[in-house]
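My notes follow in the order I ended up liking.

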Amino acid sequence: MRGGEGTKASAAMLLLALSYAAAMLMLFLCAGGLGLSSGSGSGLVGRRPAAPMPPGSVYRSHLMFEHLLPDMRASASRPNPLMTTHYKKSGKRWVPCISKRMAQSALPPSNGFLVVEANGGLNQQRISICDAVAVASLLNATLVTPAFHLNSVWRDSSKFGDIFDEEHFIKTLQKHVRVVTELPEDVSAQFDHNISNIPNMRTKAFSSHSYYLEKVLPKMLELGAVRIAPFSNRLANSVPSNIHALRCLANYEALRFSVPIRILADNMVGRMIKKSSLTGGKYMSVHLCFEEDMVAFSCCIYDGDWKENIAMENARERSWRGKFHRPGRVINPEANRRNGRCPLTPLEVGMMLRGLGFDNTTSLYVASGKIYNSEKYMTPLRQLFPLLQTKETLTSPEELAQFKGHSSRLAALDYTVCLQSEAFVTTQGSNFPHFLMGHRRYLYGGHAKTIKPDKRKMVLLFDNPDIRWDRFKHLMQDIRRHSESKGFGFRKHDGSIYNLPMPECMCQQAEA
């Protein structure tokens, strides 16, 4: 026993010694990285002080928060900006008019079956589905409702009918594109009842409509069916106007969420309206992109301590396996922040909204997955907005249980509540705000009613911890005016119809 105890004691001492050596090494490296000279007491003689980094390179927003918190708590806006309109009317409004853009004629006989695999999260799946409808129309093919790819990031095993109303989807499109839930028995038998045996046309991203007619159609006519996997962003933005209209029909009319999602989402919207009595039933929604995988993918630094470094490295390796360590890959967190590529923290979002005039009477819905280091980063936002709600606070555990473990279904709940909000705030470029802004334009007369801050300007503002409150508010209002000027827009030749449905899918109409 004593021998065993001696061995354990020796091992413990060795571990302690190694820990001390590691700590000294870290201190040495950090001191060198900071460029400390012998005058600083580091013992590193002859090192030049490191050049100061450009403004906006380092996360210092928490210092500004502490400085401005008393002013933000005392600040009140009457009336609340949610009660006043900030969106100018032109005398004419835009309304959906898809049917005017589409020919109404009987479908010719089908040329074969199109099988696609949608990958990614909810809104990447939407792109795949709507583009598949468009390609099926181009080829005069019968579309098999897309299968969803289970990947390492989203980890959602949901099928098409779990997320979308499959019957409604097929019925809405029936005059324009044939859609079936599975291959007919005789066609399936040709491929031994295994869709993997159907030749995969590995199509490049943003392929032109002529590519499908020249390369894919002959193969379909030869075999009776073709498969394209993956099928994310596989159709160019520049296509004939009738194909754009079909994309809109699929996205805004045919893709309705499944009944279980719609029931709970509608209840959540009703509860948000009820909890927004101080602002006449109007609420604001924010899409926070501050989940662990998003922070890891951005390669940005926040705390910068060893715990964050380890957590981010583990997350990157878990989801992207070596992608960030490939030869030639350069990661520059400071440049990422200056260039506006870092996700805004909940703390930064809270300060931004207070600077824009939204006080503590504002009902705020936060759409997100599991926030990274939630207790630390969400507390300041809740301090500023005590009426904050999430899908977890708006529902009971029993109501949410059927969606747990299914990220796309949970995202559908967030999407619906954000869609119905008076104003929407996007904090990071992703498919969620891209689609939502387009959908809001489609519903709200052409205007996205969205605050989309210029993060390159924001990081400069947040890098001034001693700024006065009145100065901060003035600069935030400038950022908002710039953001609102982009809320109303037309699709350019190579722009996305899912973000800018005008003019192909909407028409101007005089105000009553």
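For polar contacts I take a pair of N or O atoms within 3.5 Å; within protein, one must be able to donate a hydrogen and the other to accept it, and residues adjacent in sequence count only if both atoms are side-chain atoms. I am working on a predicted model, where local features need pLDDT of at least 70 and side-chain atom pairs count only at pLDDT 80 or more, while totals for chains, interfaces and linings use all residues. Residues are numbered from 1 along each chain as its sequence is written, and side-chain values use heavy atoms, with hydrogens and water left out.

**Entry: D454**

I started with D454, whose side chain reaches the backbone nitrogen of R456 at 3.1 Å. I find D454 in the loop between strand 11 (450–451) and helix 20 (455–462). Helices (H or I, at least four residues) and strands (E, at least two) are DSSP runs, numbered from the N terminus. Is D454 buried or exposed? D454 has a relative accessible area of 18%, so I log it as buried. The cut-offs are under 20% relative accessible area for buried, over 50% for exposed and partly exposed in between (1.4 Å probe, protein chains only).

**Entry: disulfides**

How many disulfides are there? I count three, taking a disulfide as a pair of cysteine sulfur atoms within 2.5 Å. Counted along the chain, the bonded cysteines follow the pattern 1-6, 2-5, 3-4.

C97 pairs with C507, S to S 1.9 Å. The angle about that S-S bond is 85 degrees, and the link is right-handed. This pair links distant parts of the chain, 410 residues apart: C97 sits in the loop between strand 1 (92–96) and helix 3 (98–101), and C507 in strand 12 (residues 506–510). C97 counts as buried because its relative accessibility is 5%, and C507 counts as buried at 17%.

C248 pairs with C505, with the sulfur atoms 2.0 Å apart. The torsion is about 85 degrees, so I note a right-handed disulfide for C248 and C505. C248 is in helix 9 (residues 241–254) and C505 in the loop between helix 21 (469–484) and strand 12, so the bond ties together parts 257 residues apart in sequence. I have both C248 and C505 down as buried.

C300 pairs with C342, sulfurs 2.0 Å apart. Which hand does this disulfide have? The torsion about the S-S bond of C300 and C342 is about -95 degrees, so the disulfide is left-handed. C300 lies in the loop between helix 11 (292–298) and helix 12 (306–320), and C342 in the loop between helix 13 (333–338) and helix 14 (346–355), so parts 42 residues apart in sequence are tied together. Both C300 and C342 are buried.

I also checked C299. Its closest cysteine sulfur is in C300, at 7.4 Å, which is too far for a bond. C299 is buried, with 7% relative accessibility, and C289 is buried at 3%.

**Entry: E504**

E504 is in the loop between helix 21 and strand 12, and counts as buried at 14% relative accessibility. What does the side chain of E504 make a polar contact with? I find the side chain of R491, at 2.9 Å. Not counting residues up to four places away in sequence, E504 touches R101, H244, R491 and I497, where contact means heavy atoms within 4.5 Å.

A nonpolar core here is a set of buried Ala, Val, Leu, Ile, Met, Phe, Trp, Tyr and Cys residues joined through side-chain atoms within 4.5 Å. The largest has 79 residues, and those with the most contacts inside it are L114, F164, F169, Y365 and L413. Helix 4 (residues 122–139) gives the most to this core, 11 residues. A second, separate core has 48 residues, including M64, L68, M352 and I451.

F169 turns up again where H168, F169, T172 and L173 of helix 6 meet L246, L249, A250, E253 and A254 of helix 9. Leaving aside neighbours within four places in sequence, I list I129, V133, T145, F160, V179, A254 and L255 as contacts of F169.
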